[in-house]
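Let's walk through this one together, with a few questions on confidence, strands and helix packing.

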Amino acid sequence: MMPMRSILAAALLLLAAGCAQFTLVTPERQTVGGVISVAPGTKWNKITTPGVEGKVEVWTLDGPALNTLVFFTGVTDGEPLFTRRAAAASGEEKPPVFRSKMNPVEIQELLEATAARYFRTTIAEGRNLKAEPIAGGRGFRFETRLLGRDEVERAGVFVGTIRNGKLYGAWFQGAKLHYFERYLPEFDRLVSSAELVGEAAR
Amino acid sequence: MSLTRRAFGAGICGCVLAALARRGFAQARPVEPGRTYIAPGYRPPADSDEKGLWSLLDRVERERKTSRFLVRDVELNAYVREIVCRLAKDHCPDIRGYILRTAQFNASMAPNGMMEVWTGLLLRCNDEAQLAAILGHELGHYLRQHTLERWRDARNKSDFGAFLGLGLAVAGLGAVGQLADLALVASMFAFSRDQEREADEIGLDLITQAGYTPVAAAEVWEQFIAEYQAGTAERSRQLLFATHPEPEERLVALREAAAKRDGARGERGRSRYLAKLAGVRARLIADELALRQYGRTEIVFDRLLAQSPDDGQLWHAKGEVYRLRAGDGDAARALKAYETALGTGNAPPETWRSIMLVELGAGARDRAQAAFDAYLKQKPGAPDADALRMLLSQ
Ligand SMILES: [Zn+2]
């Protein structure tokens with residue numbers, strides 16, 4: 001007999017597949033949100049109707065339940081990083097928000113809280129925060145780990161930079177072990193190819 | 001109905017807040033005097049509809065046993081079991097309690113004897129009597145087989161499908177995070193207004209008979225109302241307070257009923273409660289902060305601090321509420337709380353880390369550096385030392 005969790009997980013995947021729409025991202029230079037230019041080394045899928053709201057663009061390799069790459073395309077002061085779609089209407093507390101003067105430790109805390117709320121857990125932590133040059137300027141990187149309410153353990157890595165008071169970055173996360181570690185080199189390649197363009201380059 | 005259910009699904013409450021889910025279900029039916037309870041050791045007859053319901057919940061329970069959110073602290077589990085048995089007496093062997101690491105305020109009871117206690121409830125109770133009041137209420141649902149009653153009632157109505165198709169109902173909630181709340185969904189659907197009232201009365205009887213302070217039940221509900229009013233979840237608040245006068249009615253009823261039972265007499269079990277919780281309390285506090293529900297959390301921490309003014313861990317946590325909220329005047333509020341924490345002599349080393357972050361935000365680099373040095377002195381192997389050094393060097 002199929003355990004309940006598997007049945008529900010399967011139902012959820014169907015649901016997710018039913019709701020989300022994808023467009024293929026080919027391995028050539030792409031502009032994300034008009035502000036981040038990256039050169040993926042493999043085929044990705046852009047989720048055109050993600051279950052989140054915010055200044056983000058979401059890509060996936062194996063489906064949103066297994067891994068996602070969230071680009072932050074210029075989050076401004078006072079905005080949340082992202083929220084579950086219609087979170088406010090469903091009776092959630094106001095989300096934590098980004099502040100322009102946040103330092104990398106505070107960004108890490110903000111992503112922890114944002115991810116925790118999205119995955120309906122409190123078990124979410126960032127670690128190994130380091131400085132890392134991003135798009136030709138000062139940036140930072142940290143790892144994430146979280147245990148979602150679906151009992152799936154997810155690992156991730158975030159890179160980001162604040163330019164002119166706006167947050168630009170990318171967070172790749174996936175179900176351990178397979179759906180994260182396997183693609184980490186691709187994520188790193190993608191990050192090293194990143195340039196800020198358009199409004200973000202001014 | 002589905003909107004209401006969705007508001008709940010946001011993870012607020014099964015039983016305590018079941019007022020919300022009950023809208024539209026409520027039917028006037030007088031509570032009977034001289035109630036009969038389910039027999040100790042009861043099992044549903046084979047091939048009965050009830051047996052089917054139990055089988056479903058047994059399956060949910062098997063998953064609970066392997067949940068990574070299950071709190072396995074042996075002493076704490078034994079303690080909750082002890083309270084349950086003190087209340088449930090002959091029914092004790094039929095009840096299986098599961099403590100789940102979930103920061104919201106809730107407990108729930110399934111008809112097969114599976115009881116869930118969320119850590120958010122444990123954090124919020126002032127003492128053993130308050131926890132016993134909630135557990136007693138949940139036992140009331142069990143003893144009167146409320147879920148079964150509600151289920152059979154629902155079957156005769158058009159909303160039966162929504163209830164029976166538990167899987168569908170859960171899928172309808174439409175979010176990854178809610179899958180594990182199956183039993184909660186089941187219990188939410190189950191209870192009518194009359195059932196809640198009856199569970200309140202039975203709970204009061206059970207805690208009174210067990211020697212606990214009867215007024216604890218009214219207190220815990222009052223605390224919850226106060227906290228909820230401080231929240232920013234407009235939609236839920238509207239549902240609970242604007243369209244539904246019942247929380248206040250319920251509070252009045254609980255107060256009056258406690259008064260009839262010589263309300264303030266009886267055992268509190270406060271020091272025992274705090275001692276049993278000591279092993280997990282830091283985690284519960286961190287989980288509460290992770291919710292980033294600043295207004296509600298401030299109320300919870302202030303209430304706990306009023307009772308434990310020398311708790312450095314709590315003072316630090318209170319400071320964190322302000323540091324993380326980062327609104328006007330919050331930096332000063334945070335520093336004041338950290339200072340109080342340090343004054344207790346039992347502040348966690350992270351208090352210095354927090355001071356460093358606030359000072360850095362204010363541009364006071366020397367003070368930030370001094371706080372960092374104090375942090376490392378108290379926690380030499382701090383895993384975030386390099387990250388903090390990076391901040392100081394930028
Ligand atoms: Zn109840």
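Q: In chain A, in which helix is confidence lowest?
A: This is a predicted model, and chain A has a mean pLDDT of 89, with 90% of its residues at 70 or more. Strand S3 (residues 36-38) of chain A sits at the top with a mean of 98.

Q: Which residue in S3(A) stands opposite A:Thr31?
A: The open sheet here runs S2-S3-S13 in chain A, with antiparallel pairing. Its edge strands are S2 (30-32) and S13 (195-196) of chain A, each pairing on one side only. S2(A) and S3(A) are joined over three bridges, and opposite A:Thr31 you'll find A:Ser37.

Q: Is H16(B) roughly parallel or antiparallel to H17(B)?
A: Helix H16 (residues 294-307) and helix H17 (residues 312-325) of chain B have axes 10 Å apart, at an angle of about 160 degrees. Angles over 145 count as roughly antiparallel, so H16(B) to H17(B) is roughly antiparallel.

Q: How many residues of the contact of H16(B) with H17(B) are nonpolar?
A: H16(B) brings residues including B:Phe301 and B:Leu305, and H17(B) brings, among them, B:Trp315 and B:Val321. One residue of this contact is polar and four are charged, while the nonpolar ones number 10.

Definitions and conventions
Residues numbered from 1 in each chain as written. Chains lettered and ligands numbered in written order. Predicted model: local features only at pLDDT ≥ 70, side-chain atom pairs only at ≥ 80, totals over all residues. Heavy atoms only, no water. Axes fitted to C-alpha atoms, helices over the stretch in contact; angles between N-to-C directions. Helix = DSSP H or I, 4+ residues; strand = E, 2+ residues; numbered from the N terminus. Parallel < 35°, antiparallel > 145°, perpendicular 65-115°, else oblique. Contact = heavy atoms within 4.5 Å. Nonpolar A, V, L, I, M, F, W, Y, C, P; charged D, E, K, R; others polar. pLDDT = per-residue confidence, 0-100. Pairing = 2+ DSSP bridges.
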